[in-house]
Amino acid sequence: SNSPMQVMFVKRQLALFYMQLEDYIQSKKYLEDALQLSRSKSYLVSDEYDILKIKLELNKKLDDQSEEFAILKRLNELRDSIDYTDKEQNNINAITLKYQKGLYDERFRLNQTILEKEFFLNQLFRVIFILILLILVIVIISYRMKIKNKTIHLNREILLLEYEKLNLEK
C-alpha cells in the first residue's frame with residue numbers, strides 16, 4: 001500500500017498542477033491534505049517546510065494574508081528543526097524521496113502527456129465535425145442553387161416556347 005510520504009507527494013504534485021491551471025480552490029484542497037500528511041510523520045519535516053512555502057505562494061494568488069504570520073513563524077521553527085536533524089537520516093530520506101519523486105514525476109509526466117493527447121484529439125474531432133458541418137451546408141446551398149438555376153432555365157424555355165407559339169399563331 002502507499003506510504004504517507006508517497007500519498008503526501010502525490011497530493012503536493014496535484015496541488016502544483018492545479019495551481020498551474022489556476023484552479024486555486026482545488027489546489028488549496030490538495031495542499032491542505034499534503035500538509036496534514038507531512039505533519040503526521042516526523043521524518044517529513046522538510047516536506048512540511050516545502051509545502052508551507054507553496055502555501056504562502058498560493059495564499060498570495062488567493063489574496064489571503066490571514067495565515068501569513070503563522071506560516072512564516074512555523075517556517076522559522078521548521079528551519080531550526082531541519083538544521084538540527086541528524087544528517088545521516090536526512091541523507092537516507094533524501095535519497096529515498098528523490099527516487100520516489102523521480103518515479104512519481106515520471107508517472108505525472110506520462111499522465112500529463114495522456115491528458116494533452118486526449119485534449120488534442122477532442123479538439124481535432126471538434127474541427128472535423130465543424131468541417132463536415134460546413135461541407136454539408138455548402139452542398140445543401142449549392143444543391144438549392146442548382147435547383148433554382150434549373151427552375152429559372154425551365155421558366156425561360158417555357159417563355160421562349162410560348163413566345164414562338166404566339167409568333168406562329170400570328
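**View 1. The protein surface and its make-up.** The protein exposes about 13200 Å², and carbon and sulfur atoms supply 61% of it. Areas follow the Shrake-Rupley method with a 1.4 Å probe; for residues, only the protein chains shown count as cover. This is a predicted model: local features need pLDDT of at least 70, side-chain atom pairs count only at pLDDT 80 or more, and totals for chains, interfaces and linings use all residues. Residues are numbered from 1 along each chain as its sequence is written, and side-chain values use heavy atoms, with hydrogens and water left out.

**View 2. Overall fold.** The protein has five helices and zero strands. Helices (H or I, at least four residues) and strands (E, at least two) are DSSP runs, numbered from the N terminus. The C-alpha trace spans about 120 × 35 × 20 Å along its principal axes.

View 3. Tyr24, Ser27, Tyr30, Leu31, Ala34, Leu35 and Ser38 of α2 are buried. They cover an arc of only 145 degrees around the axis, so they sit on the same side of α2. The arc is that of the directions from the helix axis to the C-beta atoms. On the other side, Ile25 and Gln36 are exposed. Buried means under 20% relative accessible area, exposed over 50%, partly exposed in between (1.4 Å probe, protein chains only). The buried residues of α2 pack against α1 (4–20) and α3 (45–61), where contact means heavy atoms within 4.5 Å.

**View 4. Ile92 in helix α5.** Ile92 lies in α5, residues 87–169. Its relative accessibility is 49%, so Ile92 counts as partly exposed. Ile92 and Lys146 are 54 residues apart in sequence and 80 Å apart in space, C-alpha to C-alpha.
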